[in-house]
Amino acid sequence: MKTADIHKYFNINPGSGRTLTAQLEKRIARFIETHEDGTQLPPEETLAKVLNISRVTVRNALKPFLEKNQIIREVRKGTRIRKPAAAENPAALPDPLALGIVWRELPKKTIRFLSFETLPLQQEFWNRVILEYSRKNPDIQVKIVPMTTDMLSENITSLLQEKQIDLFLYSHNYSEPLPELALPLPESLREQMTGPEYLSGSESFRTNPDYRYKLPLNISTAVVVWNKALAEQTGLEDIRRRLENGQLTELIEEAASRLPEGCFASGHPGDLLAYAGCPVSGSETDQLKKQLFQIESLLKTPRACITPASHTLQELIRKFQKGRILFFLNNMTAVFADGEPAMPVEMLPVYPEPGCRNLIMSLDITLSRFTRKKEEAADFMRFLISEPVQKWTASIKRTAPIRRENYYDFMKREFQYRQRQADEWLQHHKLYESGYSREENYHRFAIFHCREEMENIAAGRCSAEKAASLLGMKFDEQLKTLTEAIS
């Protein structure tokens, strides 16, 4: 195996909070899962040399797979994957009906689940969940129906009926009101979620009418992440303290002129608007104008931000993963889309500015209004908020679990937050308050529709004041559609 392939399949991050052995073990597991029986693994010595770790670390990472007989070692043949033959693997046996015998009872029911979580780590999580649920419930099969981009433009009600969907992940991008799409949650689930065991056990959750229908599964934790190696090369020091004091724009300006060719101090400037937060009250236009004035000089600083309007989130993630962006503002799912970044990083949760709130939301699942398997679907929902699945949420997806104990463990491991700090972070974001208001709609609009204006500010073709005015006019044109979405 070539050195580049070893980095691709087995790369680890010395700056991660997890041990090198644990990281490599996870990489080996993924390699075994995605490769055929008999595929060779690199020799211990080669892995250790290329990854710059000890052979003891490599040996310890391989040990559990040798014990489970998932890999085997043979003299002169090396180490290779061993997958069980049909006789050893009941799932690979021929269809019993084709043999004219009854081997076991076939699955009685299939639950169809519409999901927009299609990033690699998200898929890895859902595959694990479904495998374990099927093992415990052999009479139930859960089938994921992936949500594609073209589906978003369709009538979601018709889509749920056409695809015979029983469960789906909810998004504010759906045009139809929630009661037209979903059934109310079973009362037992509602009672469970309002108890002290879950973060949703708050008054704002109980009084939010949307959560009669939605079951929260995890939180998309917003973070500011920085490339430690690039920061050191740039000469930035004491970054964590300065970020906690709200000096992100100063750090970006300071770093921009010192960066190597081909690097940027931060991602798209729209992320800076999200970082600042949306006003809890007051004029949206005034708030946006204030934020644009704050970052106007930053936009005119070469390599401070990536301003082309055509730049996509996928390109942004790719540049960050390759070490070309110093500061990255997004949720943890995007940061770890393809596993650990190739370079050492540090992270800090995003706090809103005083009088504002960030758009931090939970991932929610709902019962389709058209399901004929309500009880089976509700049982799968209970499984998703159970302790083992919530642990997988933290360890695989790298998002904050909704189960309180797992949430505290996650915040401590990822950010060294104590329980009090983790509680304060949630309180600042007012997670379960009903806030899909005109203000928040405007904030979403500004973030996702400001690309052209941001590029014009950076190029000197437009002032911050004029850009804010243009965005206000755009918003007014779309206000009718947004108002319908709110109601």
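Which residue just after α22 takes a positive phi? G460 does, with a phi of about 80 degrees. The model is predicted: local features need pLDDT of at least 70, side-chain atom pairs count only at pLDDT 80 or more, and totals for chains, interfaces and linings use all residues. Residues are numbered from 1 along each chain as its sequence is written, and side-chain values use heavy atoms, with hydrogens and water left out.

**Figure 1. Overview of the protein.** The protein has 23 helices and 15 strands. Helices (H or I, at least four residues) and strands (E, at least two) are DSSP runs, numbered from the N terminus. Of its 487 residues, 48% count as buried. Buried means under 20% relative accessible area, exposed over 50%, and partly exposed in between (1.4 Å probe, protein chains only). The accessible surface comes to about 23,900 Å². Carbon and sulfur atoms hold 49% of that surface. Areas come from the Shrake-Rupley method with a 1.4 Å probe; for residues, only the protein chains shown count as cover. Among contacts with a separation of 6 or more, 73% join residues 24 or more positions apart. Contact means heavy atoms within 4.5 Å.

**Figure 2. Helix α22 and its buried residues.** Helix α22 spans residues 451-458, and E453, M454, N456 and I457 are buried in it. These residues lie on the same side of α22, because they cover an arc of only 165 degrees around the axis. The arc is that of the directions from the helix axis to the C-beta atoms. An α-helix has 3.6 residues a turn, so residues three or four places apart point the same way.

**Figure 3. The open sheet of β9, β11, β8 and β12.** Four strands form this sheet, in the order β9-β11-β8-β12, with mixed pairing. Strands β9 (264-266) and β12 (345-349) stand at the edges; each has a single partner strand, so one side of each lacks a neighbour in the sheet. From one strand to the next, the twist averages 25 degrees. Strand β8 (residues 222-227) pairs with β12 in the antiparallel sense over 5 bridges. Two strands pair if DSSP finds at least two bridges between them. V225 stands opposite M347 in β12.

**Figure 4. Helix α15 across the sheet.** Helix α15 (residues 313-321) lies across β8, β9, β11 (325-331) and β12. The helix runs at about 130 degrees to β11. Axes are lines fitted to C-alpha atoms, for helices over the stretch in contact, and angles run from 0 to 180 degrees between N-to-C directions.

Figure 5. N52 sits in the loop between α3 (44-51) and α4 (55-67). Its phi is near 60 degrees, a positive value in a residue other than glycine. N52 is exposed, at 71% relative accessibility. R303 sits in the loop between α14 (284-299) and α15. Phi of R303 is near 65 degrees, again positive in a residue other than glycine. R303 is partly exposed, with a relative accessible area of 24%.

**Figure 6. R206 in helix α9.** R206 lies in α9 (residues 203-207) and is partly exposed at 39% relative accessibility. Leaving aside neighbours within four places in sequence, R206 is in contact with R190, T194 and G201. The C-alpha atoms of R206 and E191 are separated by 9.7 Å, and the two residues are 15 apart along the chain.

**Figure 7. Cysteines C305 and C450.** C305 is buried at 7% relative accessibility. C450 is buried too, with a relative accessible area of 0%. The count of disulfides in the model is 0, a disulfide being a pair of cysteine sulfur atoms within 2.5 Å.
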